[in-house]
Amino acid sequence: MSRVALPQYLESAAVTPELQTVLLGLATVSADISKALAKGALADILGAAGAENVQGEDQKKLDVIANDMIKDALAALPAVRGLASEEEAEVVPCHTDGRYLVTFDPLDGSSNIDINSMVGTIFSVLPHAGEAPVTEQDFLQPGRHQQAAGYVLYGPSVMLVLSTGNGVVMFTLDQDTGSYLLTEAEVVIPVEAKEFSINMSNQRHWAAPMQSYIADLISGKDGPRSKDFNMRWVAAMVADVHRILCRGGLFTYPWDSRKPDQAGKLRLMYEANPMGFLVEQAGGEIWTPDGKILDIQPDHIHQRVPVILGAANEVALCVDYHQR
Ligand code: AFP
């Protein structure tokens, strides 16, 4: 069976030639990252890098390797005006004539690396809005402005999931040829949610509305929802969101009282906005308890947000518990 390869898809999706180079560049470097991940302990790339990133989190060696690989790949593309990474303190200026800004989380879920479990790369492409040289201010655009967003899931197979604003498509990496081939042409999140995804160990720290929403899901057929729900938590947003795009449900990482001054754990520009773009393009919703995430005007590139995403009705219900 002949399948559509990523370059052919991008041509037919009517994205600008410059955006095509950015997305193809990200695809190529992700295939290289997948090879590094596959070598694992054989290449002595597991374990801690011995440093903290700007978020105050311990970096893994592979966080640093993946970050450097993506940074080098993007900086080589004339279409890239600048980039911002979860692992970099400051934005990185690239080409003064570039049309696009790229933000990325090079290795989401990196605490899974040492247990040989799923991780991913998340990316978002924004239009360049300011004058050269690029500044952090240029990146501070609502997620609604994204020209493309997606992720690569390094799982049993390597998958690239992408939206250029015209639905969501999934590609699978052919390891023999290094090409991403289209394997799902129209991703739609199922309307009915049967699963939820939250780190239950934090239950006692959540705000009261989230406690009661989750309590009602857990009480299943005996509770107000009159139906049983299943629960899944991979601890890599890429993998949890991938499951939701494939078979529905709700994912949330809420505010909690351990860090009362921090809005949430997940990063707006590297995680929530790109995932939100995909989720909305697949017919779902992404909210904080107060409003739609893609409408947030960012204050700074490393901003964090509480996240509720997934099947539209379920997200609306969860938000309703907070707004009652
Ligand atoms: P790491 O990349 O530091 O492993 O964090 C992953 C993540 O940002 C997101 O992908 C997960 O959904 C979430 O954190 C998991 O957080 P907990 O470890 O608190 O469950």
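Domain bounds come from an automatic or database domain assignment.

**View 1. The chain is divided into two parts, domain 1 and domain 2.** This is a predicted model. Domain 1 covers residues 6-184. Domain 2 covers residues 195-323. Their C-alpha centres lie 23 Å apart.

**View 2. Domain 1 and domain 2 meet at an interface.** On one side, 46 residues of domain 1 take part in the contact. They touch 34 residues of domain 2. The size of an interface is often given as the accessible area lost when the parts come together. Here domain 1 and domain 2 bury about 3,100 Å² between them. Carbon and sulfur atoms account for 61% of that area. Which residues of domain 1 lose the most area to domain 2? They are L140, R144 and Y151. Together these three make up 21% of what the domain 1 side buries.

**View 3. Helix 6 crosses helix 7.** Two packed helices are described by the angle between their axes and the distance between the axes. Helix 6 spans residues 237-247, and helix 7 spans residues 268-281. Their axes come within 11 Å and cross at roughly 10°. Angles under 35 degrees count as roughly parallel, so helix 6 and helix 7 are roughly parallel to each other. The crossing is right-handed.

**View 4. Side by side, helix 6 and helix 7 make contact through residues of both helices.** Helix 6 supplies M237, V238, V241 and L245. Helix 7 supplies E271, M275, L278 and V279.

How values were computed:
Residues numbered from 1 in each chain as written. Predicted model: local features only at pLDDT ≥ 70, side-chain atom pairs only at ≥ 80, totals over all residues. Heavy atoms only, no water. Axes fitted to C-alpha atoms, helices over the stretch in contact; angles between N-to-C directions. Helix = DSSP H or I, 4+ residues; strand = E, 2+ residues; numbered from the N terminus. Parallel < 35°, antiparallel > 145°, perpendicular 65-115°, else oblique. Left-handed = near helix turned anticlockwise from the far one by under 90°. Contact = heavy atoms within 4.5 Å. Buried area = accessible area lost by both parts, 1.4 Å probe.
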